[in-house]
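I opened the structure today to see what could be looked up in it. My notes follow in the order I made them.

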Amino acid sequence: MAAKVFLTHRLPGERVHELARACDLNVWMGPGLLSAADLRAELAGCQGLVCLLTDRIDRALLDAAPDLRFVSSMSVGVDHVDVQALTERGIPLGHTPGVLVETTADTAFALLMAAARRLGEADRFVRQGSWTADTAWAPDFFTGKDVNGATLGIVGLGAIGQAVARRALGFGMRVVAWNRTPRAVPGVELLALEELLALSDFVSVHVALSADTRQLLDADKIALMKPGAVLVNTARGGIVDEAALAVALGEGRLFAAGIDVFEREPVAADNPLLGLPNVVLAPHIGSATQGTRALMADMAAANALAALRGEHMPCCVNPSVYDQL
Ligand code: DGY
């Protein structure tokens, strides 16, 4: 009998068709996001799960799915999954690193530029009809911050951080970085996190969210940032203290921010960042190009297909489960 696999959203790409031929595939068709209760109900009796970063895979869910043999997430980040609980059960977790690096770096740089040059405010200004003869071009009209010649501090020098560094060097920036494990990258100067924050005109966050990095940029660290700096976060919301950031932006201690990820997603209407004109906001679209999303989906399907064949997943977060066999 074919293995039962639950897919929590329709996927782009080609390999999902191969997956459909290789198992008894049940796809959630909505409407809207899958609730925890629906996920639990749909997963009953399934050997495989292909999920998104919006699905919470925790111990309670795993306890209710004793037949589960693999999980494949269409994401590089796996903070929505209790990896330890999966590992304890010998369940491999697949993810999708690599293919979204350049696209996410583009988003980070787009937010950096937009925040520096106040593009969100400028767009609203024109659209709302505020651009009149009384408020026309003037020497101090919509002045922003120069990117060329400024210092960019990269927090987390993994693949995406390095891709952002390449862009910044091309824009004539000085690039400094902090990484927990020092790594040599051409053109990038390594600094302690505190030094980086004090020195950088722009700070871009590129660490994964884990117990070690949760609130890495808390109120104390935000207070260390250079006055007038810009913060960009395309990693995960939980890494930055949003309330402290909002206070620093509201008081003008920081110039602006570009934020693609939030502690709670979809973002709550009362999130203090939403009311600030100097924050450019995006709804977690770092990897959102058609090409990249198709590659991510293909990789998620490839991980699932390998698991169905009884092989090791090509991109497994917890390969130690294979030693337990
Ligand atoms: C991921 O895959 O973790 C990204 O956040 C998606 O954009």
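**Entry 1: an arginine in a loop**

I began with arginine 118, which sits in the loop between α5 and α6 (119–127). I was looking at a predicted model, not an experimental one. I looked up the backbone of arginine 118 and found a positive phi of about 60 degrees, although the residue is not a glycine. I noted the general rule beside this: most residues other than glycine have a negative phi.

**Entry 2: another positive phi**

I went on to glutamine 215, in the loop between β9 (202–205) and α9 (219–224). Glutamine 215 is not a glycine either, and its phi is positive, about 55 degrees. At 27% relative accessibility, glutamine 215 counts as partly exposed.

**Entry 3: cis peptide bonds**

I looked up peptide bonds next, keeping in mind that most peptide bonds are trans. Glycine 30 and proline 31 are joined by a cis peptide bond, with omega about 5 degrees. I located proline 31 in the loop between β2 (24–27) and α2 (36–43). A cis bond also joins glutamate 265 and proline 266, where omega is about -5 degrees. Proline 266 belongs to the loop between β11 (256–259) and β12 (279–281).

**Entry 4: arginine 183**

I turned to arginine 183, in the loop between β7 and β8 (188–190). Which residues does arginine 183 touch, leaving out those up to four places away in sequence? I listed Leu157, Gly158, Gln162 and Leu190. Arginine 183 counts as partly exposed because its relative accessibility is 37%.

**Entry 5: the nonpolar core**

I looked up the largest nonpolar core and found 50 residues in it. The members that touch the most others are Leu11, Val50, Leu152, Ile154, Val164, Met173 and Phe202. Several elements give two or more residues to this core, including the helices α1 (15–22), α7 (159–170) and α11 (290–308). Strands on that list include β1 (4–7), β6 (151–155), β7 (174–178) and β10 (230–233). Which element supplies the largest share of the core? I wrote down α5, with nine residues.

**Entry 6: the whole chain**

Last, I took the figures for the whole protein chain. I noted 11 helices and 12 strands. The C-alpha trace spans about 75 × 45 × 30 Å along its principal axes. A compact globule of 325 residues would have a radius of gyration near 20 Å, and the chain has 22 Å, which agrees. Buried residues make up 50% of the 325. Of the contacts between residues at least 6 apart in sequence, 60% join residues at least 24 apart. The chain exposes about 15,300 Å², with 55% of that supplied by carbon and sulfur atoms. I noted 27 positive and 36 negative side chains, and the centres of the two sets lie 2 Å apart.

Notes:
Residues numbered from 1 in each chain as written. Predicted model: local features only at pLDDT ≥ 70, side-chain atom pairs only at ≥ 80, totals over all residues. Heavy atoms only, no water. Helix = DSSP H or I, 4+ residues; strand = E, 2+ residues; numbered from the N terminus. Rg over C-alpha atoms; globule rule 2.2 N^0.38 Å. Buried < 20%, exposed > 50% of the residue type's maximum accessible area, 1.4 Å probe, protein only. Contact = heavy atoms within 4.5 Å. Areas by Shrake-Rupley, 256 points an atom, 1.4 Å probe, with all protein chains shown as cover. Lys, Arg positive; Asp, Glu negative; His and termini not counted. Charge placed at Lys NZ, Arg CZ, Asp CG, Glu CD. Core = buried A, V, L, I, M, F, W, Y, C linked by side-chain atoms within 4.5 Å.
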